[in-house]
Every structure is written in C-alpha cells, then in structure tokens.
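Here are a few friendly notes to read alongside the model. Please keep the view open as you go through the points.

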Amino acid sequence: MALKAYLRERFFPHLWCPGCGHGTVLNGLLQAIEKMGLSRNEIVMVSGIGCSSRITGYVDFHTLHTIHGRALAFATGVKMARPELNLIVPMGDGDALAIGGNHFIHAARRNIDITAIVMNNRIYGMTGGQFSPLSGEDVRATTAPYLTIDPGFDVVELSKAAGATFVARTTTFHIKQMADIIQQAILHEGFSVVEIFSQCPTYFGRKNKAGDAVDMIAYYKENTTPIGSKAKKENPNLIERGIFVQNEKPEYCNQYEQLVQKAMKGR
Amino acid sequence: MAKPKLEKHHINNDWCKGCGICVALCPKKVLELDDHEKVSALRPQDCICCKLCELRCPDLAIEVETKE
Ligand SMILES: Cc1ncc(C[n+]2csc(CCOP(=O)(O)OP(=O)(O)O)c2C)c(N)n1
Ligand code: SF4
Ligand code: SF4
Ligand code: SF4
C-alpha cells in the first residue's frame with residue numbers, strides 16, 4: 001500500500017476502537033497527501049490531546065503531540081518560524097472548540113496558513129463520553145444522563161464568522177470527498193477548516209443507541225447532502241457538506257514578512 | 001483506459017479489527033467477516049475494484065491490488 005510510506009508501522013495496529021471514524025480520517029488524509037506527492041519532510045502535524053490527537057503518533061511527518069486545546073498555538077509558532085512548511089492540525093471537537101475555542105477563533109481571525117481538521121464525534125472519547133460544545137441538544141453523555149440542553153456550535157458558521165478563508169464539511173462515509181477537500185484545504189493559502197463527522201461507536205454510539213460503526217456511517221450518508229441540493233430544499237434538516245468558503249485574504253506570515261522588510265528598510 | 005482487473009485482496013489480519021465497515025459498504029457484497037472477526041474476500045469474482053473498502057477502512061487493513 002502506497003500510503004504505508006507515510007506511516008509509523010511499528011505503532012500498528014493503532015489504539016483506536018474497532019470502527020472508530022478517526023482511522024478513516026487518517027486514511028483519507030494520507031490519500032490526499034499521497035495524491036499531492038508531498039514528501040514527509042514538508043509536513044508538520046501538530047495535535048493536542050484526545051483520541052483524535054493520537055493521529056500524530058501514527059504518521060511519519062514532523063509531528064508534535066502537545067497539550068489539550070493548544071495545538072493551534074503550537075502550530076502558529078512553527079508556521080511563523082518555518083512558513084515554507086505545510087501545517088496540519090487535526091483536533092477533536094472538545095479539543096478544537098471547548099478548551100481550544102479561543103485559539104481556534106484567533107487563528108481563523110489572523111488567517112494564518114494552517115489546515116485545521118475537526119474530527120467531530122460530538123463527544124469526549126478519550127475521557128469516557130462527556131458531552132462537548134458540538135454534541136448539540138438531546139444527546140446522552142456521561143455528564144448528561146438526562147440528555148443535553150446546550151445547543152451546539154455550527155463549525156462552518158463559527159469558522160466563517162471568525163475569518164477562516166477556507167471552510168468545508170464532510171463525513172467518514174464520503175471518503176472520496178474527504179480526500180479531495182483535505183487536498184484543497186492544504187493547497188489553500190490561509191486558515192482552512194475541514195469539519196469531518198467521525199463516529200465514536202464506543203461512547204457516542206452506545207450512549208445514544210446509535211448502533212455500531214456501520215449504522216453510524218449510514219446515518220452520515222442519510223442525513224447529509226451536497227451544499228444547495230434539491231434534497232436540502234425539501235428537507236431543511238439535512239446537513240450540508242462540501243466547500244462553503246474559499247476566498248483570498250492576506251495571509252498572516254506574509255503580512256509579518258512584509259512588516260519585517262519595512263522595519264529593516266535602510267539597514 | 002481499460003477497466004482495472006482484480007489481482008488480489010490483501011488483508012492484514014494483525015491490523016483488521018473486524019468492524020464490518022468494508023463488509024457492509026461494499027457495493028457487490030464481496031467481503032465477509034470470518035469466525036475470528038477478520039475480513040475475507042468470499043466472492044472475489046464479483047469485485048468491481050472500486051477500492052471503497054480500502055479507502056474507508058479505519059485500520060488501513062485491506063488493499064485491493066489490481067492490474068490493467
Ligand atoms: C488541560 C487539560 N484538560 C483536560 C484534559 C482531559 N482531556 C483529555 S482528552 C479530553 C477531551 C477529548 O475529547 P475530544 O477533544 O472531543 O477528542 P476525542 O477523544 O473525542 O477524539 C479531555 C477533556 C487534559 N488532558 N488536559
Ligand atoms: S473512544 Fe471513541 S473516539 Fe476514542 S478511539 Fe474509541 S471510538 Fe474512537
Ligand atoms: S474495514 Fe478494515 S478493520 Fe474493518 S473489517 Fe474491514 S478490513 Fe477489517
Ligand atoms: S474493491 Fe469495491 S467491490 Fe471490490 S471488495 Fe472492495 S468495496 Fe467491494
């Protein structure tokens with residue numbers, strides 16, 4: 001398998017549960033990177049803490065496994081120091097938007113050239129099934145035995161409002177779309193957000209009687225639709241997937257470089 | 001471009017966790033789980049080489065080798 005060139009095979013089989021969507025995100029991400037022909041040395045992957053964040057352990061790029069919620073802050077530092085490298089930051093929903101929410105909106109606001117991937121399983125997997133800001137209402141979790149009352153964030157709307165210049169959503173069912181979107185997100189110059197619905201059969205699935213991994217993937221197929229589809233008009237409850245935003249704005253490291261040049265003038 | 005033809009399904013038994021995703025989502029029902037909860041290609045003659053099993057496997061445990 002060509003993708004194996006990017007793996008640290010000595011750590012396989014990986015630690016994720018049977019049917020965990022995070023493995024499919026790893027698969028799709030490597031498909032994108034292989035298609036782009038990137039070398040292992042051109043990529044820096046930075047993650048925080050969570051089941052999702054373990055992804056950095058499995059890929060043979062430059063990798064940093066940092067602290068919960070802070071991956072984007074570390075990645076910002078790396079990117080500022082080495083702007084020629086491709087920064088990829090996979091995060092869990094809690095990692096990205098609970099504890100890491102502040103870093104997330106400010107990275108988006110600066111439009112720094114980083115690819116943020118939100119592996120959204122709507123739950124804290126690693127710590128045993130607590131609800132997250134992406135769980136949404138009426139979800140059962142360890143911390144919500146009588147169901148959640150908190151509305152969830154919409155990652156797409158949040159990212160747009162914060163200033164991200166590439167915003168997309170897909171699922172582990174839509175694997176070809178996933179690889180294609182990740183490729184475009186990496187190529188995009190600016191802050192890119194890719195939200196990927198990724199099943200956690202062990203906690204979200206069990207607690208919410210959502211069935212096994214296969215049932216959860218089927219749910220993504222049945223409850224999502226391409227942006228602006230006819231199906232969406234007929235059934236507004238369907239969740240749209242595809243690329244929502246793709247525009248050009250000054251990128252942070254470029255702006256910083258220009259500032260340095262200006263300050264150095266005549267010296 | 002000629003249609004790719006199946007050479008072989010390579011299954012990594014050490015990595016496969018028997019989640020059944022490839023089995024359920026194969027459009028031609030080529031795959032099954034065996035008694036040990038590992039996948040095997042029971043009906044390779046029906047395989048259309050779409051590679052969806054390989055692309056979706058969360059454990060990178062199945063590869064579809066094809067020839068032109
Ligand atoms: C500062 C800090 N607070 C809390 C934790 C405990 N903790 C570890 S992972 C995690 C959340 C995991 O959920 P998520 O980010 O959604 O990722 P998943 O495991 O679901 O992939 C928490 C709260 C921690 N490691 N560090
Ligand atoms: S607990 Fe959930 S998120 Fe964590 S590895 Fe298991 S299935 Fe995946
Ligand atoms: S999808 Fe992968 S891990 Fe799951 S049963 Fe198939 S080969 Fe095994
Ligand atoms: S390549 Fe396609 S048809 Fe063949 S086993 Fe895999 S999913 Fe089924």
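**Aromatic pairs and chain B**

1. Over all chains, a search of the whole structure turns up six aromatic pairs. Rings of Phe, Tyr and Trp (its six-membered ring) pair if their centres lie within 6.5 Å; planes under 30 degrees apart are stacked, over 60 edge-to-face, and the rest tilted. In one of them, the centres of the A:Phe104 and A:Phe191 rings are 6.0 Å apart and the planes stand at 85 degrees, so this pair is edge-to-face. It links distant parts of the chain, 87 residues apart: A:Phe104 belongs to helix H5 (residues 101–110) of chain A, and A:Phe191 to the loop between helix H7 (175–187) and strand E6 (192–197). Helices (H or I, at least four residues) and strands (E, at least two) are DSSP runs, numbered from the N terminus.

2. A word on the basis: this is a predicted model, where local features need pLDDT of at least 70 and side-chain atom pairs 80 or more, while totals for chains, interfaces and linings use all residues. Residues are numbered from 1 along each chain as its sequence is written, chains are lettered from A and ligands numbered from 1 in the order written, and side-chain values use heavy atoms, without hydrogens and water.

3. Both A:Phe104 and A:Phe191 are buried (under 20% relative accessible area, 1.4 Å probe, protein chains only; exposed is over 50%, partly exposed in between). Elsewhere, ring pairs join A:Phe12, A:Trp16, A:Tyr58 and B:Trp15 into a cluster.

4. Chain B holds two helices and four strands, in the order β-α-β-β-α-β from the N terminus. Of its 68 residues, 40% are buried.
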